[in-house]
Amino acid sequence: MKETISLSVAKKLQSLIEQTTLAKSKATGPVFKNLKGEQIIYDDRGRVVLADQEGLENYLRREGITDLEEYIEMLEKGDDITRAELVQVTGNSKKKKTKVFKGFLVNCYKPIKATFKGRPLIINPVEGVFNFIYDYDTLIPDPSVTIVGVENAENFRYLKEQNYLFSDIKPLFVCRYPQNQNKHLINWLISISNPYLHFGDFDPAGIGIYLNEYKAHLKNKANFFVPPNIEQAIKEGQEELYYNQKVTFDPDNLPEENLKKLWNLIEQERKVLEQEFFIKFNDK
């Protein structure tokens with residue numbers, strides 16, 4: 001019987017999900033064209049990059065595939081596959097398989113009040129130790145807390161060395177784990193009332209991640225963090241990275257004034273800045 005997506009394409013999609021990138025030469029045909037058109041993937045220096053895993057999962061569901069791994073297993077049976085078996089993996093939306101830990105990491109440099117499973121909780125990990133929130137559905141931060149999403153591991157580790165950036169808010173820092181899995185974090189951010197501030201790299205890739213993976217879901221609840229000294233900082237940025245990154249958004253239709261300001265600075269200086277720049281270690 002005819003499948004909705006061929007076995008070879010299904011295997012390429014599985015590899016894309018696991019590795020988050022795929023050689024551009026392999027990403028050909030109508031399926032990948034559709035994924036690019038929906039901004040689920042984008043081209044970057046000879047490879048395609050998965051920008052929206054949840055979007056890919058939604059695309060597969062529209063094609064009737066709710067479990068890609070089992071779909072591949074069924075197609076590998078070749079002529080032995082029955083209609084009932086294929087319907088089982090392309091039409092049973094209640095069937096789920098967990099392949100990674102659900103949840104995300106949290107960290108802070110001063111105690112943060114919250115409730116967890118209906119009980120009071122103080123989030124206050126010792127330096128160098130992070131909390132992993134598995135049952136995130138029951139975690140509710142105090143309304144005064146701003147959730148700050150951190151993209152890079154080093155910044156997430158050295159929060160005290162960046163506290164000068166967030167003196168005007170009460171921040172709880174979050175980091176998706178593994179890095180290609182943001183579905184759980186997004187679901188949690190949608191469910192709580194706290195505002196979200198995105199702290200990523202100040203370059204096309206960082207802006208693209210924010211717009212495609214966070215702003216698209218959180219709308220007005222989300223804002224991109226731009227430090228007050230960004231004008232001088234960008235002057236110390238990297239020129240090579242500016243020319244080696246692909247823009248995956250429309251620069252003429254940026255939804256926030258601070259993003260417009262940042263993009264104008266990047267274009268003016270022809271330089272970009274990684275967020276590690278703002279880690280300030282005290283001299284010993």
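User: Which residues of helix α7 are buried?

Analyst: In this predicted model, helix α7 covers residues 183–191, and His184, Leu185, Ile186, Trp188 and Leu189 are buried there. Buried means under 20% relative accessible area.

User: What do the buried residues of α7 pack against?

Analyst: They pack against several strands, namely β4 (104–107), β8 (139–141), β9 (145–150), β10 (170–176) and β11 (196–199), and also against helix α8. To count as a contact, heavy atoms must lie within 4.5 Å.

User: Let's turn to α8. Why is Tyr214 called buried?

Analyst: Tyr214 lies in helix α8. The cut-off for buried is under 20% relative accessible area. Tyr214 has a relative accessible area of 1%, so Tyr214 is called buried.

User: Which residues does Tyr214 touch?

Analyst: Leaving out residues up to four places away in sequence, Tyr214 touches Glu151, Arg176, Asn182, Leu185, Ile186, Leu189, Tyr196, His198 and Ile209. Leu185, Ile186 and Leu189 are also among the buried residues of α7.

User: How far apart are the C-alpha atoms of Tyr214 and Lys183?

Analyst: Their C-alpha atoms are separated by 10.0 Å, while the two residues are 31 residues apart along the chain.

User: Now a strand. Which way do the residues of β4 point?

Analyst: Phe104 and Val106 point one way from β4, and Leu105 and Asn107 point the other way. In a regular strand, side chains alternate between the two faces of the sheet. All four of these β4 residues are buried.

User: What makes β4 and β7 a pair?

Analyst: Two strands pair if at least two bridges are found between them. Three bridges join β4 to β7 (residues 131–133), so the two strands count as a pair, and they run antiparallel. Within this pair, Phe104 stands opposite Ile133 in β7.

User: How many bridges join β4 to β10?

Analyst: Four bridges join β4 to β10, and these strands run antiparallel. With at least two bridges needed, β4 and β10 therefore pair. Here Asn107 stands opposite Phe173 in β10.

User: What is the order of the strands in the open sheet of three strands?

Analyst: The order is β6-β5-β8, with antiparallel pairing. β6 (119–123) and β8 are the edge strands, since each pairs on one side only. From one strand to the next, the twist averages 35 degrees.

User: How do you know that β5 pairs with β8?

Analyst: Three bridges join β5 (residues 112–116) to β8. The requirement is at least two, so β5 and β8 pair. Thr115 stands opposite Ile140 in β8.

User: How much space lies in the second largest pocket?

Analyst: About 690 Å³ of space lies in the second largest pocket. It is lined by 32 residues, and the closest to its centre are Tyr42, Val49, Ala205, Ile209 and Glu213. The elements giving two or more residues to the lining are β2 (41–44), β3 (47–50) and α8 (204–218). Helix α8 gives the most, with seven residues.

User: What kinds of residues make up that lining?

Analyst: The lining of the second largest pocket divides into eight nonpolar, 14 polar and ten charged residues. Glu213 belongs to the charged group because Glu counts as charged.

User: Stepping back, how many helices and strands does the chain have?

Analyst: The chain has eleven helices and twelve strands. Buried residues make up 45% of its 284 residues. Among contacts between residues at least 6 apart in sequence, 74% join residues at least 24 apart.

Methods
Residues are numbered from 1 along each chain as its sequence is written. This is a predicted model: local features need pLDDT of at least 70, side-chain atom pairs count only at pLDDT 80 or more; totals for chains, interfaces and linings use all residues. Side-chain values use heavy atoms; hydrogens and water are left out. On a 1 Å grid over the protein atoms alone, a cavity is a set of points where a 1.4 Å probe fits but cannot get out, and a pocket is an open set with protein on both sides within 12 Å along at least five of seven lines; lining residues have an atom within 4 Å of a point. Grid points are joined across faces, edges and corners, and a volume is the space filled by probe spheres set on the points. Buried means under 20% relative accessible area, exposed over 50%, partly exposed in between (1.4 Å probe, protein chains only). Axes are lines fitted to C-alpha atoms, for helices over the stretch in contact, and angles run from 0 to 180 degrees between N-to-C directions.
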